[in-house]
Amino acid sequence: MKYLHFTLLTICIVMASCTIEKTDYGAELGIETTEFIEFNEAITTNSGDYNISIAALNGTFYKGYNEIRLKITNSNTNELLENSEITFLPILTDANGNKSSSPHQYNLTYNATEGYYSGFAVFTSETSTTISWQLYINFTDGNKTHAVNETIIVEEQTNKNLNITAFTGNDNAQYFIALVAPQSPNIGQNNLIAGIYRYNKPTNVAGVFPDATQFSYSIVDNYTLLLDPRMPEPSMGNHSSPNNQDLTQQTNGLYQGVVNYTMTGNWTLNFILKNEQGQTIKGTEVSTAFTPGIVGAKGELFIDILF
Amino acid sequence: MLFLSTFVNAQVVEKKKDSLGGVLDEVVIITKKNKIKTDLKMAVSVDEFLASSANISFIKRGAYAWEPLLNNMSTERSMITIDGMHVFGACTDKMDPITSYVDSNNLSDIEIKSGQEGGLHGATVAGSIDLKRKSTPFDFAKKWSGGYQTGFELNNNQFFNLANASFSDDKLVVDASISNRKASNYFDGNNEEVKNSQFEKLNASLGVAYKTTDLSSVRVDAIFDRAKDVGFPALPMDLSLSRALITSIAYKQFFEKGIVKVWDTKLYFNAIEHYMDDTNRPENLVHMDMPGWSTTYGLLSKINLQKGNLSSEVQLNAYNNLSIAEMRMYPQDRSERTMFAFSWPWVTTTYAGLSINNLWDISDTSQLNFGGSLGVNYNFSKYVEFNRIFHPNASQEKIRFLPSVHAGYNFDVYNFNFSFGSGYGHRAPSVSEGYGYYIYNSFDRFDYIGNPDLKNEISYEVNASAGYKTKKGSIHAKVNYFYIDNYIIGRILSLGSPMNYQSVGVKGYTSLDYATLFNFSINAKYTLLQKLHWQGTLTYARGLDDTKMNLPFIRPLSYQSSLHFSHKKFGFLTSLNGDFEHINYSPLYGEDETPSFKNFNVSADYTFYIKDYKTVFQVGAENLLNEFYSTYADWGNIPRMGRNIFTSLKINF
Ligand SMILES: [Cu+2]
């Protein structure tokens, strides 16, 4: 009897080990994406008696949307500088020496509880042999204004869920859409968060560099971003998902909607940007037909993601 | 001696209860105890055996693993168990009904109960099919017995070998069996090869019982089943490998005095793995991996009570099942990211239920059979985000209470026998109905989505039968009617778009207000001459939804008639069976009109002795006229097998 039990037990153990392993779902979702939640120091610089430190997710500036947290410490007193007025301007210099900028928050917001100044920058390209980025930061301490500039490295964003797109709208303005979240999507419902920005064309002649009026961007307010996700893979036949919600603006200025991903893989987020009056700024409706063997539909305005 | 007599008594009690309790077909089957064979063929598969029952029909997706429909209802509505143990298939496409995990040589009997009477092992609507394993009783004298069957079927080159052996003495019983079947593609009535219809199956079972005291015993059982390289011509995929291990340990205690006669408790575990394969289908646009797993732990404890004319069985059933199915689609450019999703997102089903069945012998000519059950069914979807894509408010956990009651009265008047019965019961949605995600149904070519918050399906049922018996023959008619509230079926969703490239849309499991089902059968037997017997069966069924549209997979008027003649060591059988035209088909659910067909079959057997061992040799032909046909329930109208000449040899030791 004992021997028999032993035999049966052995069979059980042999069987319990399956021929094909079950998929580790958590690992499966992380193959193409990494989620960064910690802010680490990306750069630090000294200017006179002050130490300026900027933190970003993963301690790195990436192409696309970056939330930044800036701290200024008085190196004499070792105290954080509070209630300063801080301006923040990223400048891109190309191979010909032309200077431009990208969407950013010019006046940083002071967060009293955490003691830092927050803002964002949407870098439109990564640092390369021909492209370099500088940050121009002004801050006040008492009545005195200090200016700092520092070269930074903008890294390539490998996570496609943080892609950006830039385009000229039907109103001739230049727009930017940057994906902010989810960094690592799940199958199912995801809160899709994006920033929408516009370049404000300068109305005056350029002053002394860096003249902020020449590099002005603003958050686009009260627009709607219509969403139609599709899978581009031909065998998926223009597959889409149900129960998605268009993106509308939240109190923090970002736009939020809901995207449902039915499976992992490549997805195209087709957008139509509409202004407050409901006029289309950019984007076209895409076919909803099921077309096996044909690449999924992409409209005039879209961002590709992958997870 | 005392123990033995108790044992035998208990067996008798059980049998009597079974045979009287079941109004429908199992009476016929009980008489075939220990003989899983049909009139036509002595070496049959489990499916072929089941097919000989009037209230079983089949959805066929190929030559292997047919899905049994009981009272014209699919496996979600019936309860299929092995010795009362719950086993759940691991295939989202229903390639593996539980009947595919046993073989005819490890079974002694298949008990079919219609409607709520089958609720003893768990909640059901259609009834229950219990596959009873061979279990040799203890014996004073040491005894060895066994059997060996081999055979060949010409149409698909099926070659099979089935062997079983039993040992018994007064302390120990061992039952073992092994079987192997291997078949190539079959040919239809136009002599055309039906590609991807091959199969190979290996099944082994071992049972060991040990008598612990005069009145108690322990039994350990295991079944191992492996099917590989199984083609499903009606599906876009085949099966590369399926393995099942079904184990149990049971303790049985008899009581000499008092009203409790037997107490039988069993713990069981079974695990199934199922791997589909599309690499033999070059027509497929997408390569997919679709593995599935199903693991079940359970407890079954029952006591048989008897006092005076009343005998009862009380049963506690509890089980926990985890069903997992994955799909991974490969893009045309294989260097690209694969597309992954769960088609069963780790769905747990936990059930506990108490049921009772009573038989009251009111008089020698009348019995009342009544009982009921109450079960609690708990579902948990680990990755509920899949379910929330289509049902944003889907609950991750769901508790359902599943009550049932039934009663039947059976009486004899002269040569007549009548019975009337009624039942009421709930069932919970199946894993696919509740939690399935983009399960492609190649019959109507829709992707199916489950809904975790479906209501319980509630069945109200009435049944009746009337029979007349003389020395020369008998005639028996049975009828039942089901009114099913919240009938679960797939309805086209306006949401979403297909995922499988062959599909044309998305259907969601939805509850109809109600549906009705009517089943009728009449069976007659007549002894023409002492050795010439005739028997015939006619069945009719009708199923309608709440808008009086036809339900799918309802068998049209069908018949079966056979003539058996025996002379000395020879036996001859001819049979004719067929369906009439399928008029009441359901275009809404992907059906089209199926013409009538008839099959003419013959067989002959010869019994002789090799030494002292009884040996039977049989040769026969199914579909002798090589008719080209497919039935109403052949998935995708795949043609059935054409003429099939079979031979088999059976030796009993
Ligand atoms: Cu399968």
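This is a predicted model: local features need pLDDT of at least 70, side-chain atom pairs count only at pLDDT 80 or more; totals for chains, interfaces and linings use all residues.
Biologist: What makes chain B agree with a compact globule?

Modeller: Its radius of gyration does. For 653 residues, a compact globule would have a value near 26 Å, and chain B has 24 Å, so the two agree. Along its principal axes, the C-alpha trace spans about 70 × 55 × 45 Å.

Biologist: What is the secondary structure of chain B?

Modeller: Chain B has 5 helices and 32 strands. Of its contacts between residues at least 6 apart in sequence, 65% join residues at least 24 apart.

Biologist: How much of chain B counts as buried, and what is its surface?

Modeller: 60% of the 653 residues count as buried. The accessible surface is about 25200 Å², and carbon and sulfur atoms hold 60% of that surface.

Biologist: How many charged side chains does chain B have?

Modeller: There are 64 positive and 67 negative ones. The centres of the two sets lie 7 Å apart.

Biologist: Why is Asp634(B) called buried?

Modeller: Its relative accessible area is 0%. Buried means under 20%, so Asp634(B) qualifies. The residue is in the loop between strand S31 (613-622) and strand S32 (644-652) of chain B.

Biologist: What makes the pair of Asp634(B) and Thr631(B) a polar contact?

Modeller: The side chain of Asp634(B) reaches the backbone nitrogen of Thr631(B) at 2.5 Å. The cut-off for a polar contact is 3.5 Å, so the distance of 2.5 Å falls within it.

Biologist: Which residues does Asp634(B) touch beyond four places in sequence?

Modeller: Lys60(B), Phe443(B) and Arg640(B).

Biologist: How do you know that Asn304(B) is buried?

Modeller: Its relative accessible area is 7%. The limit is 20%, therefore Asn304(B) counts as buried. Asn304(B) lies in strand S14 (residues 287-307) of chain B. Its C-alpha atom is 8.6 Å from that of Asp264(B), a residue 40 places away along the chain.

Biologist: Now chain A. Why does Pro232(A) count as buried?

Modeller: Its relative accessibility is 14%. That is under 20%, so Pro232(A) is buried. Pro232(A) is in the loop between strand S17 (224-230) and strand S18 (245-249) of chain A.

Biologist: What is Pro232(A) in contact with beyond four places in sequence?

Modeller: Asn266(A), Trp267(A), Thr268(A), Val295(A), Gly296(A) and Lys298(A). Take Asn266(A): 34 residues separate it from Pro232(A) in sequence, and 6.6 Å in space, C-alpha to C-alpha.

Biologist: What is the phi of Asn172(A), and what is the phi of Asn238(A)?

Modeller: Asn172(A) has a positive phi of about 70°, though it is not a glycine. Asn238(A), another residue other than glycine, has a positive phi near 70°.

Technical notes. Residues are numbered from 1 along each chain as its sequence is written. Chains are lettered from A and ligands numbered from 1 in the order in which they are written. Side-chain values use heavy atoms; hydrogens and water are left out. Helices (H or I, at least four residues) and strands (E, at least two) are DSSP runs, numbered from the N terminus. The radius of gyration is taken over C-alpha atoms; the globule rule is 2.2 Å times the number of residues to the power 0.38. Buried means under 20% relative accessible area, exposed over 50%, partly exposed in between (1.4 Å probe, protein chains only). Contact means heavy atoms within 4.5 Å. Accessible areas come from the Shrake-Rupley method with a 1.4 Å probe; for residues, only the protein chains shown count as cover. Lys and Arg count as positive and Asp and Glu as negative; His and the chain ends are not counted. The place of a charge is taken as NZ of Lys, CZ of Arg, CG of Asp or CD of Glu. A polar contact is a pair of N or O atoms within 3.5 Å; within protein, one must be able to donate a hydrogen and the other to accept it, and residues adjacent in sequence count only if both atoms are side-chain atoms.
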